[in-house]
Amino acid sequence: MLIVTTENIPGRRYEVLGVVKGNVVQSKNFGKDFMSAMKTLVGGEITAYTEMLGEARQIASGRMVAEAEAIGADAVVCMRYASSSVMQSAAECIAYGTAVKFID
């Protein structure tokens, strides 16, 4: 599955199939959450949350690709990520884009 953040794929013609997306809500366990809270006192990167969001992006991307494959897409254009806080210590990550089928 070709995934691009651009509006076009140079040299390819395609028909638009529709919007596809994948999302996940993730949180860390209490121990990592507690240690991350302590890290906010001294500053710096909170690696537990960096890793959590990286995992969430991978899961969301995989679900988006599965949705695109289910409708016969060859690629996803204009792919984007978004995230939001759902509750304390839990974040949603969504991957979305436009599924397309190559004509040529």
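How much accessible surface does the protein chain have, and what share of it belongs to carbon and sulfur atoms? After that, please look closely at the largest nonpolar core: which residues have the most contacts inside it?

Reply: Happy to! One thing to know at the outset is that this is a predicted model, in which local features need pLDDT of at least 70 and side-chain atom pairs count only at pLDDT 80 or more, while totals for chains, interfaces and linings use all residues. Residues are numbered from 1 along each chain as its sequence is written, and side-chain values use heavy atoms, leaving out hydrogens and water.

The protein chain has an accessible surface of about 6400 Å², and carbon and sulfur atoms own 55% of it. Such areas come from the Shrake-Rupley method with a 1.4 Å probe, and for residues only the protein chains shown count as cover. Of the 104 residues in the chain, 31% are buried. Here buried means under 20% relative accessible area, exposed means over 50%, and partly exposed is in between, again with a 1.4 Å probe and protein chains only.

Next, the layout. The chain has two helices and four strands, and along the sequence they follow the pattern β-β-α-α-β-β. Helices (H or I, at least four residues) and strands (E, at least two) are DSSP runs, numbered from the N terminus. Among contacts with a separation of 6 or more, 74% are between residues 24 or more positions apart; a contact means heavy atoms within 4.5 Å.

That brings us to your core. A nonpolar core is a set of buried Ala, Val, Leu, Ile, Met, Phe, Trp, Tyr and Cys residues joined through side-chain atoms within 4.5 Å. The largest one has 13 residues, and Val20, Met64, Ala68 and Val76 have the most contacts inside it. Two or more residues come from each of strand 2, helix 2 (47-70), strand 3 (75-87) and strand 4 (90-102). Helix 2 gives the largest share, five residues.

Setting aside residues up to four places away in sequence, Val76 touches Met1, Leu2, Ile3, Val4, Val20, Met64, Ala68, Gly97, Thr98 and Ala99. Val4 from that list also turns up in a second, separate core of seven residues, which includes Val77, Val100 and Phe102 as well.

Gln26 is found in strand 2 and counts as buried because its relative accessible area is 15%. Apart from neighbours within four places in sequence, Gln26 is in contact with Met52, Glu55, Ala56, Ile59, Ser89, Ala90 and Ala91. Cys93 lies in strand 4, and with a relative accessible area of 3% it is buried too. Beyond residues up to four places away in sequence, Cys93 touches Gly22, Asn23, Val24, Ala56, Arg57, Ala60, Tyr81, Ala82 and Ser83. The C-alpha atoms of Cys93 and Ile59 are 8.8 Å apart, although 34 residues separate the two along the chain.

Cys78, in strand 3, is partly exposed, at 23% relative accessible area. Its phi is near 55°, a positive value in a residue other than glycine. Zero disulfides are found in the whole structure, a disulfide being a pair of cysteine sulfur atoms within 2.5 Å.

Charged partners come next. Side chains of opposite charge can pair when their charged atoms come close. Two salt bridges are found here, each being a side-chain nitrogen of Lys or Arg within 4 Å of a carboxyl oxygen of Asp or Glu. In one, Lys21 pairs with Glu67, with the closest N and O atoms 3.4 Å apart. Lys21 is in strand 2 and Glu67 in helix 2, so this pair links parts of the chain 46 residues apart. Lys21 is partly exposed at 40% relative accessibility, and Glu67 is partly exposed at 26%. In the other, Asp74 and Lys101 have their closest N and O atoms 3.8 Å apart. Asp74 sits in the loop between helix 2 and strand 3, and Lys101 in strand 4, so this pair ties together parts 27 residues apart in sequence.

Finally, back to the surface: Val25, Val86 and Met87 form a nonpolar patch with about 290 Å² of accessible area together. Patches are made of residues with over 30% relative accessible area and no salt bridge, joining like charges within 9 Å and nonpolar side chains (Val, Leu, Ile, Met, Phe, Trp, Tyr) within 5 Å. Val25 lies in strand 2 (residues 14-27).
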